[in-house]
Amino acid sequence: MDDEKSIKHVAIYLRKSRDDGETDDVLVKHRDTLVNYAKERNWTYNIYEEVASGESILKRQEMRRLLNDVADSQYDGVLVIDVDRLSRGGNADVGLIEESFRESNSLIITPGRIYDWNDEADEMMLNFLLLGSRMEYRQIVKRLKRGKLAGAEKGMWVNGKPPFPYYYDRLTKTVKVDENKRYFYRVMVEKFLSGVTLAEITRWISANMPTPYGIKTDRNWSFMTIERILASEVHLGYIVYGKSNCKDRNNRKHFPREEWKRYNGTHEVLKNQEEHDAIVEKLAKNKLKHPKNKAGMLPLSGLLYCQQCGRRMSMAAFVENGIQKYKTRCENRFEKSIKCGQRSTILGNEFYDAIYETIIRLDPKYLLELQENSSDLEYYKSVLGTKHKEVRKHQQALNKLYELYEENEITKTAFHERKAVRENQMAAIDHEISDIEEKIAQKSDLPTVEVIQERINYFRENWGLDLEIKERNRLIETMVEKIMYNRVGNTISLQIKYN
Ligand SMILES: [Zn+2]
């Protein structure tokens, strides 16, 4: 099967049902079967295992963790003994599962067959298996395909759950904007366009919104989710159909954009074409900047810089005694031939320990800068408050002046003179206010000491030597923009530029 070749890393999900009176042996037997199945194919795997009475996902902690990781594209697929181990719940559960798998292009693998939610025939089969639909399978496929296309042509929503911040209103069968999320979507777009990094946006939205998968865990939003939302054409008002008709998983990834069918939807447009083009361009540039970042396969990719020449360093992967290892490398050459003198280091536990220590031990100078920045910020904010009060005072005086004039208490000349004085004063204050606002905007770029402290705590709690490369890169990125590397003799020095 074509799909099987693209599989390298899977999750194994095991659930023993309390209700069915299954014995412990069953679980052991299932585990052996699935682990062997993965081993025979040289797949790497993580196991998720729980004993649960078959109901709702909300009550199944491991299932929630699994779905979150699947949505986060951590696996090529999830290996289960039977599809119905995933759910016997209702529509809501199946919807949640479907979304996590579909969005991340992850497969459901059973020893008998591989299912791909983005393949329409498989989709029907999965609905059939998970919801126990009685309708004849082939008929549903045909009807659904026809119905979907016809619906899309009419601008009807046909694509399952719409992206953040939209929701599907079952009553009116239309897509609407969730008013609690609208603001966050717009700020996300504006932040990204104004040059805020994806890491920063991820952190900001994680602090304000649960993940769009609706699963309540302490896990954060992922970069990929945000990238996907930012790049989506749905927010331009389109319904996109025919992205993934293709059976082969690898082909589907490169399915040409030009061939997608776009129909004008009836839902509200949330970004204009100009914004969309700028987003797409920026995302493409990001990818050029971090070509390996997306796959997340190389450690510290895009983070390490050479202190001697300032260039981003690369990683060389090699195998020693059967173990995958990496070493740092500066590939810079001056005038075509002279190599940069930077020396390599093998990334081992000591190296990571050094990174950890350096990151959590903040440079006192940097702390001082943050403190000064925060107190400046507070000062400007209080000045701003005073200035707004002054404006209100002048406004009241001006109103009074109009009353006096209307009641003939003052002459026209006096009125105009006094009015001009007030208005000049107000214009001067307005000017000051915009100056102060600009300063506040500048100062707001740096985090406060408290925020940095929180980030460090998060970093410490999540750090471990057993982290996978991708997880570790992400964790470092939550704090760090750059790590400057230098090696003299056997001494390695690291300097952190925080973001
Ligand atoms: Zn160098």
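Which helix has the lowest confidence in the protein, and which strand the highest? Confidence is lowest in helix α10 (residues 249–253), with a mean of 37, and highest in strand β3 (residues 77–79), at 95. The structure is a predicted model, in which local features need pLDDT of at least 70 and side-chain atom pairs count only at pLDDT 80 or more, while totals for chains, interfaces and linings use all residues. Residues are numbered from 1 along each chain as its sequence is written.

**Confidence**

- The predictor's confidence in each residue is called pLDDT and runs from 0 to 100.
- The protein has an average pLDDT of 80, and 81% of the residues score at least 70.
- Over residues 133–138 pLDDT stays under 50, and the model has six contacts beyond four places in sequence for them. Two residues are in contact if their C-beta atoms, placed from the backbone, lie within 7 Å.
- Residues 290–296 also stay under 50, and for this stretch the model has eleven contacts beyond four places in sequence.
- Where pLDDT is low, the predicted coordinates should not be read in detail.

**Helix pairs**

- Helices (H or I, at least four residues) and strands (E, at least two) are DSSP runs, numbered from the N terminus.
- Helix α7 (residues 179–193) packs with helix α8 (residues 198–208) at an angle of about 165°, and their axes are 11 Å apart. α7 is therefore roughly antiparallel to α8. Axes are lines fitted to C-alpha atoms, for helices over the stretch in contact, and angles run from 0 to 180 degrees between N-to-C directions. Angles under 35 degrees count as roughly parallel, over 145 as roughly antiparallel, 65 to 115 as roughly perpendicular and the rest as oblique.
- α7 and α8 cross in the right-handed sense. A crossing is left-handed if the near helix is turned anticlockwise from the far one by less than a right angle, and right-handed if clockwise.
- On the α7 side the contact involves F184, M188, K191 and F192, which meet I201, I205 and N208 of α8. The residues of this contact comprise five nonpolar, one polar and one charged. Ala, Val, Leu, Ile, Met, Phe, Trp, Tyr, Cys and Pro count as nonpolar, Asp, Glu, Lys and Arg as charged, and the others, Gly among them, as polar.
- Helix α13 (residues 364–406) and helix α14 (residues 412–443) have axes that come within 9 Å and cross at roughly 160°, which means that α13 is roughly antiparallel to α14.
- The crossing of α13 with α14 is left-handed. Their contact has 15 nonpolar, three polar and eleven charged residues.

**The sheet of β10, β15 and β16**

- Strands of a sheet pair through backbone hydrogen bonds, either parallel or antiparallel. Two strands count as paired if DSSP finds at least two bridges between them.
- An open sheet of three strands has the order β10-β15-β16, with mixed pairing. β10 (304–306) and β16 (491–498) stand at the edges with a single partner strand each, so one side of each has no neighbour in the sheet.
- From one strand to the next, the twist averages 30°.
- Three bridges link β10 and strand β15 (residues 480–488) in the parallel sense. C306 has Y485 in β15 as its bridge partner.
- Helix α12 (residues 349–360) packs on this sheet and touches β15 and β16; its direction makes about 45° with that of β16.

**Strands β3, β4 and β5**

- β3 pairs with β4 in the parallel sense over three bridges, and G77 stands opposite L107 in β4.
- Strand β4 (residues 107–110) and strand β5 (residues 113–116) pair in the antiparallel sense over four bridges. A hairpin of two residues joins β4 to β5.
- I109 stands opposite I114 in β5, and the bridge partner of I108 in β5 is Y115.

**Backbone details**

- Most residues other than glycine have a negative phi, and most peptide bonds are trans.
- F164 and P165 are joined by a cis peptide bond, with omega about 0°. P165 lies in the loop between α6 (137–153) and β6 (166–169).
- N105 is not a glycine, yet its phi is positive, at about 55°. N105 sits in the loop between α4 (91–104) and β4.
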